[in-house]
Structures are given as C-alpha cells and as structure tokens.
Amino acid sequence: MSRQIIVPFGPQHPVLPEPIHLDLVLEDEKVIEAIPSIGYVHRGFEKLVEKRDFNNYVYLAERTCGICSFMHGMTYCQGIEQVMNIEVPERALFLRTIWSEYSRLHSHLLWLGLTADAFGFENLFMGAWKTRERILDVFEQTTGGRVIQGSCKVGGVRRDISREKLAEMSHDLGVVQDEIEDLTNVLLMDSSIKHRLKNVGILSKNDAYHLGAVGPTGRGSGVDIDIRKTGYAAYGKLKFEPVTEAGGDSYARCAVRAREMFAAVDLIRQAIEKIPEGPIDVKVTGMPNGEYFSRCEQPRGELVHYVKGNGTKFLVRSRIRTPTLTNIPPLVKMLQGCELADVPVIIMSIDPCIGCAER
Amino acid sequence: MIEEQEIMPVDLGKLIGQVEEFRNQGYRLVQIGCTKVGDTFEINYSFEKDYKFRNLRVTVAPDTEIPSISGMYWGAFIYENEMHDLFGLQVKGMSVDFKGNLIRTTVKYPFGMPATVSKEEKP
C-alpha cells in the first residue's frame, strides 16, 4: 500500500466560486476519501423568520440564492399559501412557471460558463455567459431585477407581463435556442471535453437514490425524480418528461443540464401559449397557522421550504433544504477513487451553490 | 395542484425501526429538519417514493440523545451534524461526525435559543 497523504482542497480555489473545503486523502494521485467541510459563510437567516412578518420574509427567502432567487421566493410563498388555504390565480401560476424556467436557463448557462472555465475552455465560457445576458435582460424587463426579482408574493405575483411582451419573449427564445444549440454541441461533442468528463466521477443509480442525489446530479445517474411532476405552479398543465441519462459520470450530468435547457425553452413556450387572462394576485387576510413542506425543482434539484406558523405574523420556523446540501454526500461518493486532477471537474459537475447551502 | 403530505408522530425508541421500514420499502431520505417548539424540539424525517411524501416526527427534550439514521441512509450525516451545530442536539453514531465543526457559528447552538435583534449604534 502506498503512503497516504491529505491534500486540502479549498475553501479558496480557482474553480470554486464559493467556499467549500475538502480534505482529500490520497494514495499517489488517487483519491481514497474526501471529507467535506462547509459553514464558512453560513448566514443563519432562517432564524430571522421569528422577527420578520411572514409577508416580508419573501424578500429574505429570495436572497437565499443569487441565481435561482425567484424559485426560493416562490417555494416559500407556496408553503404559506397552502397553510393559509389561499387559491392563487391561474395567471400568476403561469407567470411563476415562466420565471422559474428562465431561472433554470440562467442557472444552467452560468454553470456551463463556470464549468468551461474549470477545464480551460474560455471561448465556451464567454459564449455561455453572453447568452445568459439575454435571459437576465428578460428578467430586468419583466420584473425590474436581473438577479433578485422581487416579483413573487404570498397570494400571487407583483407584476404582470403584457401580451405583446410575451409574444416578443416567445420570438426571442428562438435566438436563445439557436445559441444554446451551438454551445451544447461544443460541450457534448468536443473530444477534449469528452476526455475530461467521460467515466469521471461515476455515481451509480443505486447510490444516487439512496444517498439523496437530486436534480441533474441524480438524473445523470438515471434517477428520474423531478418535482415538477407533482404539478406545482402551472406544471400540471404543461407537457414534459424529466431529462435523464444513464451514464452516471460527469459527462452524463452535463448532458442532462444541456438537454434541460431545451426543455426549459419548450416549457416557456407552452406556458406563453396557454397563459390565461385574469388577475395576478388575491388579497391575503389572516395569519398562517399550520405547517407545510413546500417543494420545487430548482436548477440544481429538489428544494424544500418547510414553514410552520402559530397564528401570529411571525412564523415559528422556516427550514430551507437546498439541493446542494443533499448533493454533498453523493459528491463524496463520486470523489472516491478518482484522480486528483479530476476533482475540480467532478465538483463542478454537481453545480454546487454554497450560497444556497449556507442560507 | 396540492401535494398530499403525511406526518406520523413516533416515539424516539421506535424511530430506527420505522426508518428501517422506509428504507426496506425503497423510500429515499429527503431531509431531516428540526424546529424548536417551546422547551422541546420537533425533528422531522422526510421520505419520498414515487412522489409520495411522508414524514416521521419525533419530539424530544433538549438533553435527549438521538440515534443516528446514517447507518441506513449514509447521507443523513449532513443533516444530523447540522442539527447538532445549530440546535445543540446530541446525535449518536453518525457516519461522519464533524464534532461541532460542520457549521461555524459565532455563538454556540444559535437556533436553540430565542431570536434577538441587536441594533448597532450609528457612528
């Protein structure tokens, strides 16, 4: 047996946009074990729910993440609406769906750029972020915010999108789709990228399921769980199937995200076509008294917002279980047996969002 | 569309047996979360299979030692360490025990105490 050494990886590393630390136990260049450590930027703002009005807490919930902020706000609102038996107007549900899928495009394009940068493909990085700008422009035009939208509220949404703007968005999606096609062709066809991703960081279907892998991390191993199938927001009225790949390696996880971008474009188009006319919110009266586990399918996987109220304007508990937190044990499994040089790419293949995990 | 959810209260002594049953039936662990309710802690163990969402709930006093379920669901260590670091609950037998170092907090067990708001004086 070779001599074992421990190489610290992170919390500051060129491939990591946010801090996570791994103690990598190595034998020569092979990783025998990876011991994760987080908590460098833990904010603890779940606790603030005890001192903030449940309506105002939406703003905090949104700030859990700077990428899928809208989906955090929406999932929190869904929880409160369920506790208070609020029936949200259908138009608001469709608008929530449209913004959610734009969030997915934003997130996957951001990830694509960061991953390309991780394996030194600067051109792909810049191309992905250029297309991402188009998505952020739509957010700015329809909600007023590029990163934090603030458009979701308990009982509906704050802003409507005009029919003309929806038609324009539908048309512009053609340009976005063409650009994504060019980008994903490079990601999935280029031989040097394949060489870096194929058979690297393998996670079996059984491990993915029992270790709690969610989102593209699980679906890349053939686990076809997608919370959108529960039919929240307007997903119950749209046609789609979860994107899965059977490979279980880094390439498969990347392929899932690539194909999900096309699925997102399709879902937005369907939602634009089917969105009904009508009000976008209802008046909220009373205080939340009860509990609910509100779930949604974030770009990184299943998100859970547990809310519990006691009939006052302050909630007893807001517990946010983010997809990255639950994808850490599968990551540890993927790293076992890999080469040291592959560690950065494997980490990027789960698209970690430490900001979310350190809510 | 509203998702049906089930919350099943269980005694702490029967927790491991119930979790084992879920594991044998092919449920995946979704999350473990803790809520401070008065002087007790409510711990929710959430599971799902075929989009059926079910929860086990144990209610414990602050000094109670809780058995780890990471023997059955290895990934549970992340939630159990979190529960320890934020609420101060003792979990016995975790597959990976960070010994209070998973989440670095300025005060010990911040979620186990009432929320306070301090206003800084303006210069």
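I count two strands as paired if DSSP finds at least two bridges between them. Helices (H or I, at least four residues) and strands (E, at least two) are DSSP runs, numbered from the N terminus.

The model is predicted: local features need pLDDT of at least 70, side-chain atom pairs count only at pLDDT 80 or more, and totals for chains, interfaces and linings use all residues. Residues are numbered from 1 along each chain as its sequence is written, and chains are lettered from A and ligands numbered from 1 in the order in which they are written.

**Strands of chain A**

I looked up strand β6 (residues 289-298) of chain A. It pairs with β7(A) in the antiparallel sense, over 10 bridges. C296(A) has L303(A) in β7(A) as its bridge partner. Two residues separate β6(A) and β7(A) in their hairpin.

I then followed β7(A) to strand β8 (residues 315-321) of chain A. These two are antiparallel as well, over six bridges. Y306(A) has R319(A) in β8(A) as its bridge partner. The hairpin of β7(A) and β8(A) has four residues between the strands, and G311(A) in the turn has a positive phi of about 90°.

I checked burial next. A residue is buried if 20 or more other C-beta atoms lie within 10 Å of its own, exposed if 12 or fewer, and partly exposed in between; C-beta atoms are placed from the backbone. In β7(A) (residues 301-310), nine of the 10 residues are buried.

**Core**

A nonpolar core is a set of buried Ala, Val, Leu, Ile, Met, Phe, Trp, Tyr and Cys residues joined through C-beta atoms within 7 Å. The largest one has 141 residues, and L95(A) is among those with the most contacts inside it. Helix α3 (residues 90-118) of chain A gives the most to this core, 13 residues.

Beyond its neighbours within four places in sequence, L95(A) is in contact with V157(A), I161(A) and I280(A).

**Chain B against chain A**

I find 26 residues of chain B in contact with 30 residues of chain A. Strand β2 (residues 28-37) of chain B supplies the largest share of the chain B side, seven residues.

I noted a cis peptide bond between G10(A) and P11(A), with omega about 5°. P11(A) lies in the loop between β1 (4-9) and β2 (21-27) of chain A.

D351(A) is not a glycine, yet has a positive phi of about 50°. D351(A) is buried, with 26 other C-beta atoms within 10 Å.

Technical notes. Contact = placed C-beta atoms within 7 Å.
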